Amino acid sequence: MAGTTTGAARAEQPECRSARAAIPGYLDRRLDARHQRRFEAHIDRCAGCIRAFIDVRQVGWARRSASGARSWLN
Ligand SMILES: [Zn+2]
């Protein structure tokens, strides 16, 4: 019953968690402006989350394969 004291070495911040949780909603444009801005601002800084975002985005695009392919990452 001892608590695990292993730090997993991954600096997972709460912001990263919510950012990654917001990815699907962002791709579906379901986020409101506030969350959208927050999300964009975060992945603009966070390499880990931008990777996760690109990953999910590619899957989403492969599924739909015909959306406004607008790469805002440019
Ligand atoms: Zn992050």
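**Figure 1. Confidence along the predicted chain.** The chain averages a pLDDT (the predictor's confidence in each residue, from 0 to 100) of 79, and 68% of the residues score at least 70. This is a predicted model, in which local features need pLDDT of at least 70 and side-chain atom pairs count only at pLDDT 80 or more, while totals for chains, interfaces and linings use all residues. Residues are numbered from 1 along each chain as its sequence is written. Over residues 3–9 pLDDT stays under 50, and the model has zero contacts there beyond four places in sequence; two residues are in contact if their C-beta atoms, placed from the backbone, lie within 7 Å.

**Figure 2. The helices.** The chain has three helices and zero strands; helices (H or I, at least four residues) and strands (E, at least two) are DSSP runs, numbered from the N terminus. Mean confidence is highest in α2, at 95, and lowest in α3, at 85.

**Figure 3. The largest nonpolar core.** Seven residues make up this core: Ala19, Ala22, Ile23, Phe39, Ile43, Cys49 and Phe53. Two or more residues each come from α1 (14–27), α2 (33–45) and α3 (47–64), and α1 gives the most, with three. A nonpolar core is a set of buried Ala, Val, Leu, Ile, Met, Phe, Trp, Tyr and Cys residues joined through C-beta atoms within 7 Å; buried means that 20 or more other C-beta atoms lie within 10 Å of the residue's own, with C-beta atoms placed from the backbone.

**Figure 4. Surroundings of Cys49.** Leaving out residues up to four places away in sequence, Cys49 touches Cys16, Ala19, Arg20, His42 and Ile43.

Notes
Buried ≥ 20, exposed ≤ 12 C-beta atoms within 10 Å, placed from the backbone.
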